[in-house]
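I want to look at one chain as a whole before turning to a single residue in it.

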Amino acid sequence: MNPSNYVILSAVLFTIGAVGVLVRRNAIIVFMCVELMLNAANLAFVAFARMNGNLDGQVVAFFVMVVAASEVVVGLAIIVTIFRTRRSASIDEPNLLKY
Amino acid sequence: MTAASMSVQALVGRFATDTPFELPVIDYRLLMPILIILGAGVVSVVIEAFAPRRARRPLQLILVLGSLVAAFIAVVGLAGTQTTTAAGSIAVDGPALVMQGAILVIALLGGLLMAERMVDPSGDAFAPRASALPGSDDERQFAARGYLQTEVWPLFLFAVGGMLLFPASNDLLIMFVALEVMSLPLYLLAGLARRRRLLSQEAAMKYFLLGAFSSAFFLYGAALIYGYAGSVDLPVIAAQLSGKPSESAIVLIGLGMLLVGLLFKIGAVPFHQWTPDVYQGAPTAVTGFMAATVKIAAFGALFRVLYVAFGGMRWDWAPMMWIVAILTMLIGSIIAITQTDIKRMLAYSSIAQAGFILVGLIAASPAGLAGAMFYLIAYGFTTIGAFAVITMVRDGNGEATHLSKWAGLGKKSPLVATLFSVFMLSLAGIPLTSGFIGKFSVFTAAIEAGAGWLVIVAVVASLIAAFFYVRVIVLMFFSEPNDQTATVAIPSVFTTIALAAAATITIVLGIVPQPLIELLANADVFVR
Amino acid sequence: MINAGAVVWAEGAPVLQEVMPATGVFSLIWLLIALPLFGAAVLLLGGRHTNKWGPYLGVLTVFGSAVIAVLMLLGLMARGAEERSIGQSLFTWVFAGRFEVNMAFQLDQLSLVFVLLITIVGTLIHIYSLGYMSHDPDKRKFFGYLNLFVGAMLLLVLANNYLLLYVGWEGVGLASYLLIGFWQIKPTAAAAAKKAFIINRVGDVGLSIAIMVIFVTFGSVTFSDVFGQAGSANEGTLTAIGLLLLLAAAGKSAQFPLQAWLLDAMEGPTPVSALIHAATMVTAGVYLIARSNAIYDRAVWAATAVVVVGLITIFMGAIIGSAKDDIKKSLAGSTMSQIGYMIMAVGLGPIGYVFAIFHLLTHGVFKAGLFLGAGSVMHGMKDQVNMRRYGALRAAMVVTFVTFMAGYLAIIGIPPFSGFWSKDEIIHAAFERSPIIGGLAILAAGITGFYMTRMVAMTFFGKARWEDDVHPHESPAVMTIPLIILAIGSTFLGMALLFWGNIETWLEPVVGFATAKSPISTTTTIALSLAFVIVGAVIGWISYARREVPIVAPRGSWLTRAARQDLYGDAVNESLVVRPSFLLSRVLIWFDSRVVDGIVNGSAAIVGGSSGRLRRYQSGFARSYALSMVGGAVFVLLALVLVRLS
Amino acid sequence: MNGEAWVFWISGGFAVIGALGLVLSRKAVHSALWVAFTMINLAILYVANAAPFLGMVQVIVYTGAVMMLFLFVLMVVGVDSSDSLIETLKGQRLLAIVFGLGLAGLLVFGIGNGLMNAGSVGLDEANAADGGNVQGIARLIFTDYLIAFEATSALLITAALGAMVLAHRERWTARASQEELSKQRFLSGVHPGNLPTPGVYARHNAVDTPALLPDGSISLESIPRPLEARGDIRAIDHHEVNEVKEIDAP
């Protein structure tokens, strides 16, 4: 199968994730959208690895998972902290810093 | 389904491999600066785990300052090296070493600022316990008992480690990992302010979400480039680009996505909007530290990507970077004019400064690189000095960041106001300060490279920018102090050293920049 | 109209002088600059401890520099004409690739005359300030700033390259803003400092771009390298450099169209007006162009632009000088006008450079004297600056009056006072370029006669129009002694430089010299200009000394009756000279306050307004930041693709 | 269509549906489940792309650990107004869609332009070199990408440390013992035991029905204070009580 199919699928997922970041207000959902974008990149890496005939892409995808896992921990910790202070997980609500 | 089933077969097939496992050749001497810092970070975590509470702060300070000095010595020891190590994934070359050295020295000053606990009567710059709710009884109790969040030190060290790795990374994977190693601790540090914790937490959240968003772009760009070149190694990418006919748009799209991530980190328009919010909300010591060092590290990576991997595509990216640079310079300078919060003003100013450094990038020449490195070093020391002053200017509610409270400061505390003026003049690029030499070297490099109009825009932008820098000076010296005027807290030896060093370097680099310029002229080539 | 023949220009251009190493007294070049800077550092950083003796230290450091400068003059005079360019390099300042700038000084005939002017006039003004500022609580800081200024100005004229010159250029600017805004309690002073800052920055942008173009064209910014290669550069580039340098000069020297700040700068203390805004800093533009003569000699259109700018400013300044009632602002207008003469002269090429510098020196002395005289008057009149509140002061302030008269005769160019020699030479040279330029220069000389007479008449003659509680008195000796010295200079300096000092031959090795082959003889020029000056002076006398000055109108005195009898003549004066010139000046002032201020304030408002609008986009919502990032990503990708496609 | 094409279209379709579900679900928990669904489908696609190891890791790390952490935090945070799909920023949604389409268009253009005619080398050779996919990945991780591997450890430590800094609540007093707690309780002077439960005779929502004391009077302690303050206590109808008694009576 032509690898471009997979890559185009990944581009679609990436874009959906990016749009999700823009339209959702719940910080956790926004963050899940970011994770979706990372997953999309992983799919592209995996597809390209097969296309290029080397395993580097798979290794990168593996590292991305590790990185994403740590990022999730830090991100959720920050979101929970904000939630405990403000009793809200809205990304729009902390809006003291502007202009 | 053939391929998949075959590989599953391969997976369950022979576990014992016939091919001998070749150990990678890694010259640990070349990695010494990074290893020292990351190793110190691990030791620092161990201290947090096992040392008694009272002993933690002194132990951490000794460890942090010692490891920074040791790493700097290691960098100096590597001077002149021009090679790669760890299977080509880490470059140890002039620019990398220069950036690492600069990051380490500035981090040392940043560490001194973070260690300060005299200016705030209630403790250091960080929340006594970040987990305690703002305004809660818990929080007051922790503060009253003098708790300190000493975990900031391992975070600080890991951030520095990531910064050392970032400009030295010679493949996109290391670069991505380094980006995250650098950023994650900074997201956390931004949220740990002792005072105005709501702002601080908000800054952390915005920084984190937008940072994660931008790194997704970076990663996707890396994926597309890997798809084209079959490797994430920068020199290999360059070879592939010159080897294959490069008509395919996938490289352009990949490069564009990659640049989104990198331009975000340097705070270039239109990826700049996190900067003012984060700079304002984060604890000032952290702001000073990261404003200076992240910019150096991120520019190091940006230069390496654009010069090593995509140097041959200069005519593709240069026009786009022109527009980005112009927007960055003008928008940063213009918005800064109407700011009333000094930290926010410096944040917009840092955006404008990023634009000026981009001018050196666009020159795409060794002179441009050397000029930009000089600029970055000058900017770094000036910025951390300016933020050091901000930590000291206080009123009853902590730092007095509103500009109106700075009116007449020159009368009340002439020395501090003079130092701040020196930093402002340097940022404005007035002669005999480091900022002037930086601007001059960047601009001449750009003119030589034929970007004369860009330089004219840059000079006009610096004219606009000079206005708000000088406005602060005028405010401090040309207005009478009133009861709103903040007072300058007497700092301990930590801030004093940091401030004195930043001011000295700012002036010395303006009067005798020659040694540094020579050094940079010998270090303006990337290893390929 | 204006004969811009390139052939004329090469003639008389200087041969590049060989730079001699600094030995003997010349090894102290650095000390010239270091002394006042040391004074400034001690005074500004020393804090209150230095309040008592600080001002004296300030005077001493500048005096020390003056002594060294005089020694150097003697040293240079002892040398042959070809050995008078001396270089001293302290260390390499900036060096990258093929680009090297040294922290190096060049003392030659041109810089030395500037050094002498700056240090000697500077010393006198420092001494004068001891008296003038004696009651000011921030006296120490004032002297610190003055010292800073002197140091920076010396750096400006002693630099051997454009970059170091730029350092001095910014330094004098900084000191100037600090001093204009020195009485910061007055909001007008703060506003004036701001205005000076903004307008000067425009000029500075010209200089900084010029330096970069120079560097890219010649690969160096050192004077000797640049001028040595100027012949090989193409004329378009040289013209661009020339125009950019002219922009810089216009900013610093208050020339059209960047002249507006100088009038407001009079908000500063009077010694500042005398030192910075009359004698030294504002002449930096003249220095810059004269120093860059090798560029202008090969860029005829740039030089022509210099002449035009100079001419316009001569008239603007003169007319503004005629209209202002504020004695300092009137003098400021006169300064603009006189510097206009110098700028015009340097635009004339080798026939003009020498006389521009000559006029600059004489003007520096007599204008400093006039300003200090005005300061002395103000000192005795409770800081009153309105000339309509003066009158009949000649008896109350004899020394001030006599010294002021020396300056007056010098500036309007009555022989043998110093201004006569220098201005007439300029007018004479102007006639060679074009009778129109010469004619305009003579006409402006006539207006000079008018407004200076008006000033003298309103201040020292006529009836006393003082406010009730004012008791004019002569200033203390510490102020009058500098006045006397400057008056002696105003009287004799012109003759001394011309006949004894041979200013042409002295400066020729640096800026070149060609005798003007004027269509009219020297005698005719002198006669013509004297006639115009006298006519102007007589009109001024009749209008302001013979006739009652408004505001105070004592009835029934013999003067009023006499004035009535002269009504007819006055009406002629009014309708032919005074009215039109007032109308014109009103137009000019309007232009100045509306258009120029309007442009300055307007562009500030545009920037400020767009700043206000732009910051709205920083809405504080992380999602809208993310939106602009995605928009930016689309832009980046699109730009890359479109560039490739195109 | 061969087998791989079936897998691609089915799993790929599901992945897109899951992604859309993530963006369009009103409830955050639903979003989390949708994204977990997408990730499982991605794992299938990995396997289809000759990456069996990554497929497993995807299921274990992403679906198993990361998404469950998300769900856990969602449960902690609970439901709030931020789940709503109503857009509060003017023009945000429109611009988001426009930019999204632009981004997608450019990405697809670039990919289509670059890869339309690209052949696939396949991984058989690469896998065979080390004797298998896992071995191949292992060799790369421990040779070419060793530094990245080591650097990720810094990342993991940072993550753990960060979570602890922000979430770990340290006690600043010693934990009170059982004895101290009970003493404290009795010394406080308030009612030490359980309050009487309300509404033993209620026929519907009982919270507003007071309990009756043995003498037939009502116990105010059995009623939540706010209700008492608002005067929303249900009156005790002794007639009803009697009615109940009658019913109870044989």
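How many helices and strands are there in chain B? I note at the start that this is a predicted model, and in it I find 21 helices and 5 strands for chain B.

**Overall form.** I looked up the radius of gyration next: a compact globule with 528 residues would have one near 24 Å, and chain B has 23 Å, so the two agree. Along the principal axes, the C-alpha atoms of chain B fill a box of roughly 80 × 60 × 45 Å.

**Inside and surface.** I see that 71% of the 528 residues of chain B count as buried. When I take the contacts in chain B between residues at least 6 apart in sequence, 81% of them join residues at least 24 apart. The accessible surface of chain B comes to about 14300 Å², and carbon and sulfur atoms account for 68% of that surface. I also looked at the charges of chain B, where the mean positions of the 29 positive and the 27 negative ones lie 7 Å apart.

**One residue.** I then picked B:Ile447, which is found in helix α18, covering residues 434-448 of chain B. Finally, I compared B:Ile447 with B:Ser169, which is 278 residues away along the chain, and found their C-alpha atoms separated by 30 Å.

Terms used
Residues are numbered from 1 along each chain as its sequence is written. Chains are lettered from A and ligands numbered from 1 in the order in which they are written. This is a predicted model: local features need pLDDT of at least 70, side-chain atom pairs count only at pLDDT 80 or more; totals for chains, interfaces and linings use all residues. Side-chain values use heavy atoms; hydrogens and water are left out. Helices (H or I, at least four residues) and strands (E, at least two) are DSSP runs, numbered from the N terminus. The radius of gyration is taken over C-alpha atoms; the globule rule is 2.2 Å times the number of residues to the power 0.38. Buried means under 20% relative accessible area, exposed over 50%, partly exposed in between (1.4 Å probe, protein chains only). Contact means heavy atoms within 4.5 Å. Accessible areas come from the Shrake-Rupley method with a 1.4 Å probe; for residues, only the protein chains shown count as cover. Lys and Arg count as positive and Asp and Glu as negative; His and the chain ends are not counted. The place of a charge is taken as NZ of Lys, CZ of Arg, CG of Asp or CD of Glu.
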